[in-house]
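The report below takes up the packing of selected residues.

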Amino acid sequence: MTQRRERFLAKKVAAEVREQKARAAAAAEERKRREQEAKENRSLALALAVETGDEAKAAALLRRFPDDLNANLCPFQSEQTLLHISAFHGRRGCCALLLTAGADINARDYCGRSALAVALRSTLA
């Protein structure tokens with residue numbers, strides 16, 4: 001095999017390797033995007049269940065995703081936790097469910113308010 005042919009094949013292999021790496025990176029990026037989208041969807045479902053007082057749905061989602069209990073799931077809700085949202089909307093049953101599940105009663109929103117402070121300013125007072 002001539003040197004020219006060897007160089008040609010080496011370049012072709014290098015191009016194929018770069019292409020495979022690019023495809024793998026694109027696939028990884030797509031997987032990451034889908035995982036983030038799924039997390040956002042489940043967070044929204046959990047926040048809506050708590051906001052509307054659907055205790056059965058909230059309990060089922062919390063059993064499935066226990067890590068979401070104290071997360072700031074809703075940046076559009078002023079970084080409030082599920083307990084903040086439940087307290088704000090006067091969902092006593094959901095508040096009890098969340099506290100029983102281990103919600104952090106001392107969690108603060110972006111203004112430094114606890115769920116109790118939110119409740120006192122809203123419908124639970």
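The model is predicted, so local features need pLDDT of at least 70 and side-chain atom pairs count only at pLDDT 80 or more, while totals for chains, interfaces and linings use all residues. Residues are numbered from 1 along each chain as its sequence is written, and side-chain values use heavy atoms, with hydrogens and water left out.

Helices here are DSSP runs (H or I, at least four residues), numbered from the N terminus. Burial is expressed as relative accessible area, where buried means under 20%, exposed over 50%, and partly exposed in between, with a 1.4 Å probe and protein chains only.

**Helix 2**

In helix 2, the residues Ala-58, Ala-59, Leu-61 and Leu-62 are buried. Because they cover an arc of only 165 degrees around the axis, they lie on the same side of helix 2, the arc being that of the directions from the helix axis to the C-beta atoms. Ala-56, Arg-63 and Arg-64, on the other side of helix 2, are exposed. The buried residues of helix 2 pack against helix 1, helix 3 (82-88) and helix 4 (92-101).

**The nonpolar core**

A nonpolar core is a set of buried Ala, Val, Leu, Ile, Met, Phe, Trp, Tyr and Cys residues joined through side-chain atoms within 4.5 Å. The largest one has 19 residues, of which Val-50, Leu-62, Leu-82, Leu-83 and Leu-98 touch the most other members. At least two residues of this core come from each of helix 1, helix 2, helix 3, helix 4 and helix 5 (115-121). Taking contact as heavy atoms within 4.5 Å, and leaving aside neighbours within four places in sequence, Leu-98 is in contact with residues including Val-50, Leu-62, Ser-86 and Ala-103.

**Single residues**

| Residue | Relative accessible area | Class |
|---|---|---|
| Ala-47 | 3% | buried |
| Asp-109 | 6% | buried |
| Ala-60 | 36% | partly exposed |

Ala-60 belongs to helix 2 (residues 55-64), with 9.3 Å between its C-alpha atom and that of Leu-46, 14 residues away along the chain.

Asp-109 sits in the loop between helix 4 and helix 5. Its side chain reaches the backbone nitrogen of Cys-111 at 3.0 Å. Beyond its neighbours within four places in sequence, Asp-109 is in contact with Ser-78, Glu-79, Gln-80, His-84 and Val-118.

Key: Polar contact = N/O pair within 3.5 Å; in protein donor to acceptor, adjacent residues only side chain to side chain.
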